[in-house]
Amino acid sequence: MNVPAYAQHSKMAFPMLFMLAWRNLWRHRRRTLITLSSIAFGFGLAVLFIGIGDGSHNSMIRNAIKMGEGHLTVQPSGYVESPANYKFIDNGHELMERLEALGIRGTVEPRIALQVLASTASNSVGAALQGFDTTRDQRNSMIRPNLVQGAWITADDPRGIVIGAGMAGKLKAKIGSKVVLMAGKRGGDSEAQLGRVRGIFDSSIEEMDDYLVLSNLHFARYFLVAEGASEEAGPVTRFALFLDDPESMEQWKGVIASSVASREVVVLDWQEMMPQLVQFIVVDDAGNYVFLLLILMMVVFGIVNTVLMSVLERTREFGLLRALGISRRHLLTLVFCESLLMSLLAIGLGWLVGGSIHLWGSIYGIDFSSMMEEGTQIMGTFMDPVVYTELSWNRVIQLTAAIFSATLASGIYPAVKASRILPVEALRT
Amino acid sequence: MALLGLENISKTYQQGEVEVQALHHVSFEVQEGEFAALVGPSGSGKTTLLNIIGGLDSPSQGSAHLNGTDIAGLGEAELSDFRLFQIGFIFQAYNLVPVLTAMENVELVMVLQGLSASDRQQRAEHYLELVGLKALMHRRPAALSGGQQQRVAVARALAAGPRLVLADEPTANLDSENATALLDIMHRLSHEEKTTFIFSTHDPRVMDRAERIITLHDGTIISDEYHHTHEQQT
């Protein structure tokens, strides 16, 4: 048989290298399975913890948005930096019409929020007066179910207020009690209005129960009129916008800003309205990342151990391959392929384990109520005691990329070590 | 022109603080198609000389040329390609990749050479048939005897179409029957394929098959003679 006319350079034969790598991986089946299981278990834990973290954060965000000022808030410029009762939107009716004309998919709720002093004959406490549309505001569905005494406020009640159980206790107020609400005015004067307690709620959130005074818009507007606003123009301190699709927030923010924003009025999203909550989530996320880092380190050491041991065991075999004409590049690729395959298997198995745990957690939720004896309130919002794990596609990509990079990086050292084997020395072993 | 030319090859190793002279001014030529044995006791420098000829080791002094290529002048990557295309190796033991079948082991070098799948399969089957192992070609090394594994190594060395096959004590781990059978196969294929063989041995039965015997002692050639083999006499 004639010798073929070979090209004089070796070819990078990926299919063969992958086949060799795959078979090498299963030489020590038990060792590979133990390594894969530990990676998958670690990955499953990471998925669970990140899922719980995201689930609880999203729960807090949803509750904060619901209890707070919506996904987007239209309010006077400079209010966040320096809140004051005299900062209000004078032409509320006109702005409401403009906002409604935009066809926002969601609800627009006019609100009046004021800092007041609430007093009875027994005591005085600082309070936040919240005037809202008693027929359609989110607060109707949020707080009304927590009413423990009396009745809910109505739109035509000129003096009716609802207070929290904490405040009722401090003021020694009961249903029907008179409460004087006094607000500071620009220039140093003050405006006082008499409210009558119609109902008492208990939300179990201290910040609400101790400080919130709820009224209809009409009652709260007395204070704005005292600041010089025209009642006919429908003055409010802000509009809270609740979007049907939270993902469209940025888009609507732009649309609304270009339509109504001016020197006097700004459009803010919930992150700008609640920077402390954002900060809390960032810090909490950092904790999760540290945990993820520990898991990645476990993964890296697991793979380095397995692949390096397998490289050291095969020193003579690598010497033989080098003698036969396999280049350093080929050997490096071969060992790297082993890590790559290990990494792909680990990710597959990891998602199987982590994904199953996540699926279970997202359907049935994880009940943390026994661990939350002191309540579930955090940063002015609250976390549902049953956390449903959540994983966005971004998280899936992030987690996969992190494990994939870690496993690949862990293959570098054994691959380089294998490629540096000198055939003449290796064949002597 | 000779296929292989060694000129004044010396090799010195540093073993701790001791300098060991493994080869001392070795010079000889090998013509195409020769079936030559390097003989001598353990430590005489046979393996070192084969390693230098095969580009696995470099001489401390002197030059080695194969088919006009100065082996010592090749860089790391070039040496890999040189071994891949020019040299076939048969070692004493553990010659095969354990996770590959006999067929895949024979194909391995040809894959790197860039042969098409059909070409290399055809060649691998052909050479496995020549060494009498076609029926066992799908077995992995663990399912083959020592003698069969060495025959696979012979098939692999020849299938890649090298200019020179180097065999370092190929029969050292084989019993007499298998050693004789392997030598017969190597000798026959050397003639049929017109491939040059240089093998090291200190086994007199193996020496008897060689057409040329180069004897080394303490790194120096003490004799270099052609003789009629057992087959040629009969």
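**Helix contacts and nonpolar cores: a short tour**

Hi everyone, let's begin in chain A, where A:Leu95, A:Arg98 and A:Leu99 of helix 3 of chain A meet A:Ile256, A:Ser259 and A:Val260 of helix 8 of chain A. Sorted by class, the contact of helix 3 of chain A with helix 8 of chain A has four nonpolar residues, one polar and one charged. Please keep in mind that what we are looking at is a predicted model.

How do these two helices pack? Helix 3 of chain A, residues 92–101, and helix 8 of chain A, residues 249–260, have axes 11 Å apart and an angle of about 135° between them. Helix 3 and helix 8 of chain A are therefore oblique to each other, and helix 3 of chain A passes helix 8 of chain A in a right-handed crossing.

Now for a second pair in chain A. Helix 11 of chain A covers residues 315–324 and helix 12 of chain A covers residues 328–364; they pack at about 140°, with their axes 10 Å apart. That angle makes helix 11 of chain A oblique to helix 12 of chain A. This crossing of helix 11 and helix 12 of chain A is right-handed. Which residues make the contact? From helix 11 of chain A we have A:Phe318, A:Leu321 and A:Arg322, and from helix 12 of chain A we have A:Arg328, A:Leu331, A:Leu334 and A:Val335. Five of the residues in the contact of helix 11 with helix 12 of chain A are nonpolar, none are polar and two are charged.

Hold on to A:Phe318 for a moment, as we turn to the cores. The largest nonpolar core has 81 residues, and the ones touching the most other members are A:Phe318, B:Phe28, B:Leu49, B:Ile53 and B:Ile198. Helix 12 of chain A gives the most to this core, with eight residues. Apart from this core lies another, of 57 residues, including A:Leu95, A:Leu129, A:Ala168 and A:Ile200.

Over to chain B. Leaving out residues up to four places away in sequence, B:Phe28 touches several residues, among them B:Leu38, B:Leu49, B:Ile53, B:Arg212 and B:Asp224.

And is helix 1 of chain B, residues 46–53, enclosed or open? Seven of its eight residues are buried, so helix 1 of chain B is largely enclosed by the rest of the structure. The buried residues of helix 1 of chain B include B:Lys46, B:Leu49, B:Asn51 and B:Ile53. After helix 1 of chain B comes B:Gly55, with a positive phi near 75°.

Technical notes:
Residues are numbered from 1 along each chain as its sequence is written. Chains are lettered from A and ligands numbered from 1 in the order in which they are written. This is a predicted model: local features need pLDDT of at least 70, side-chain atom pairs count only at pLDDT 80 or more; totals for chains, interfaces and linings use all residues. Side-chain values use heavy atoms; hydrogens and water are left out. Axes are lines fitted to C-alpha atoms, for helices over the stretch in contact, and angles run from 0 to 180 degrees between N-to-C directions. Helices (H or I, at least four residues) and strands (E, at least two) are DSSP runs, numbered from the N terminus. Angles under 35 degrees count as roughly parallel, over 145 as roughly antiparallel, 65 to 115 as roughly perpendicular and the rest as oblique. A crossing is left-handed if the near helix is turned anticlockwise from the far one by less than a right angle, and right-handed if clockwise. Contact means heavy atoms within 4.5 Å. Ala, Val, Leu, Ile, Met, Phe, Trp, Tyr, Cys and Pro count as nonpolar, Asp, Glu, Lys and Arg as charged, and the others, Gly among them, as polar. A nonpolar core is a set of buried Ala, Val, Leu, Ile, Met, Phe, Trp, Tyr and Cys residues joined through side-chain atoms within 4.5 Å. Buried means under 20% relative accessible area, exposed over 50%, partly exposed in between (1.4 Å probe, protein chains only).
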